[in-house]
Amino acid sequence: MEGKPATSPKSGPTARDDRAPWLTLKMREAMEAWLFISPTIAGFLIFFAGPLIAVIGYSLTEWNLLSQQVTYVGLANYRDALFANADFWHVARNSAIFALGLVPLNMMLALMLALGLSRRFPGVIIFRTVFFAPVVTSAAAWAIVWKFLLQGEAGFVNQMLAGIGIAGPNWLRDPDWAMVAVILTRVIKMVGLNMILYIAALQAIPRDYEAAARLEGASDWQIFRAITWPLLGPTTLVIMVITTIGSFKVFDHIYLMTGGGPENGTLVLAFYIYEQGFKFFNVGYASALAMIMFAIVMALTVVQLLLRRKDT
Amino acid sequence: MTSWLTPRQLRLLNRTCWMLALSIVAIPFVFPFLWMLSSGFKSAAEMFGSPSIVPREWQWQNFIEVFTYQPFARQYFNSLYISLTVTLLTLVIASLAGYALARLRFAGASLVGLFLVSALMVPEEVTIIPNFFLMKRFGFIDSHWPLILLPVFGPHGIVATFLMRQYFLALPKELEEAGRMDGLSRFGVWWRVALPMSRPALAAVAIITFLHSWNLFLEPLIFVSSLEKFTLPLALSNFTDPYGVPLWHLQLAATSLAVVPILIVYLIAQRQIIESFALSGVKG
């Protein structure tokens, strides 16, 4: 080292900081990092990790808020939900119907809109803006307006239908139609989000592929089948999982449009958790339901990761 | 078979058909907004049975009654200040953490990242029950604290953190290193060098955070019970008679008041707003 000027403080693992000479620079950097990240970590532990552990604990107890008694009951809440209580399977069925109705409809419409709107033409921005507008609108406002439009005989939708000679159902009061109504209005609300994800993916596909295929005389449909659709694969997968998870979480939309009715026809999992936990105060049972929801979402995420790995 | 049309005319016809099809699909997207506005101006009697978009008599007093029926101005203000607070806190906290994850080397960095990502897989509904008891212990029931704390530190805040991290990773390091050479502290580099270069990411985070907070429903429903502490989504659902039957003329007038300013901002900044959502992608 002799003869050389002092090494720059930035170099070497044992370089010291002039402000705090007992610290190596590496230690100082780590300390600063932890300082920067500490609010996030603290919030994560207090409002996420702690509650997640707590909800596992709660789910093993019989805890009625009214009597303030907590007793350990093992897996009884899960047994109740899965085997004893017919409500749960009714709710699970509703959630499945909601997802199975919403996800394909949403994705097909999103893809079709994206295909139509991924190129530039006069007015394309207007259409994109229009289809995305419900996404920025609150679910509460959207549900209120649609509830109004879907009122029985006097509702606007039914008046229009009557105009062309169709007697519309009492959408939100008829057990068969209420689910259809909440699915359709939810699709309209959320499809814009998937649409823009698809547009982004479509715009990332190099134009040469299509041009080359056209030179070979491929039709629009052949280009879609052989080029566009396979290249959209990863996006489709992500959108599918996000949309499915989102459909299991849906709450405000249903709370405001049907209140879970009629005859519990639209009572879905997130609503059931809310009802059991915050209306009937069955904390233990509601926590078990929350864990079941957690398991479903985890399973979906794992499936996505596995599929993605197979893809690449 | 279409030899009587030139290719140019054919393309024009094709385009017209497309526009027409898109316009028809657009009806259920646009119409609810128009009908909401028009019905907000109608009298309770005209609500149903008159399928005219133009009200027979413009009932301006609906928009006054909205404010006397419940403390709507106060509720509006609540939504505004809570959303702004959440946005500001999220910007600071998420960009600090995102910066550390992107730029600083420390033992356990990847583990921290992994833990944070895991929170994205868990819906808020799963932890809402323990969070309720936590807030109760803090004495935060029927206050705005849960509506601020949960979004800032919940999955949404973590999405924001990773958005910021991605953006910082793509920035050139040289400017920050120059800042260090000039004697800026780590905090100074973050504040004076990294943040000013990250305006697009900060804007995206601000937009999705504000809207997320503004539209929040489950948390206000669970944590807030007094009328003057309601936020907008909860207030909108509360324009009912004592039997719970909606007072449609008031409800739709109030909904218009809540939705129209957001829509105006959206129309002005639609490109930026849509891009923000595309960037955050994993939201739903």
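**Figure 1. Confidence in the two chains of this predicted model.** Let's start with chain B, which averages a pLDDT of 89, with 96% of its residues scoring at least 70. For chain A the average pLDDT is 86, and 92% of the residues score at least 70. For the complex, the predictor gives an ipTM of 0.90 and a pTM of 0.90.

**Figure 2. Residues 1-13 of chain A, where pLDDT stays under 50.** Please read this view with the scores in mind: over residues 1-13 of chain A, pLDDT stays under 50. In the model, this stretch has 9 contacts beyond four places in sequence.

**Figure 3. The contact between chain A and chain B.** How many residues does each chain bring to the contact? Chain A brings 84 residues and chain B brings 91 residues. Together the two chains bury about 7800 Å², and carbon and sulfur atoms give 81% of that area. Three phenylalanines deserve a look here: Phe36(A), Phe47(A) and Phe148(A) supply 11% of the area that chain A buries against chain B, more than any other three residues.

**Figure 4. Salt bridges and polar contacts between chain A and chain B.** The count of salt bridges between chain A and chain B is 3. In one salt bridge, the side chain of Glu29(A) meets that of Arg186(B), at 4.0 Å from N to O. Polar contacts across the interface of chain A and chain B come to 6 residue pairs, with both residues at pLDDT 80 or more.

Figure 5. If you sort the side of chain A that touches chain B by class, you will find 64 nonpolar, 12 polar and 8 charged residues.

**Figure 6. Domain 1 and domain 2 of chain A.** The domain assignment places residues 25-58 of chain A in domain 1 and residues 86-311 in domain 2. Their C-alpha centres lie 34 Å apart. Where the two domains meet, 4 residues of domain 1 of chain A are in contact with 6 residues of domain 2 of chain A.

**Figure 7. A closer look at the interface of domain 1 and domain 2 of chain A.** These two domains of chain A bury about 370 Å² between them, and carbon and sulfur atoms give 83% of it. In domain 1 of chain A, the residues that lose the most area to domain 2 are Leu52(A), Val55(A) and Tyr58(A), together 84% of what that side buries. What classes of residue make up the side of domain 1 of chain A that touches domain 2? That side has 4 nonpolar residues, no polar and no charged. Across this interface of domain 1 and domain 2 of chain A there are 0 salt bridges, and 0 residue pairs in polar contact with both residues at pLDDT 80 or more.

Conventions: Residues are numbered from 1 along each chain as its sequence is written. Chains are lettered from A and ligands numbered from 1 in the order in which they are written. Side-chain values use heavy atoms; hydrogens and water are left out. Contact means heavy atoms within 4.5 Å. Buried area is the accessible area (1.4 Å probe) that two parts lose on being put together, summed over both. A polar contact is a pair of N or O atoms within 3.5 Å; within protein, one must be able to donate a hydrogen and the other to accept it, and residues adjacent in sequence count only if both atoms are side-chain atoms. Ala, Val, Leu, Ile, Met, Phe, Trp, Tyr, Cys and Pro count as nonpolar, Asp, Glu, Lys and Arg as charged, and the others, Gly among them, as polar. pLDDT is the predictor's confidence in each residue, from 0 to 100. Domain bounds come from an automatic or database domain assignment.
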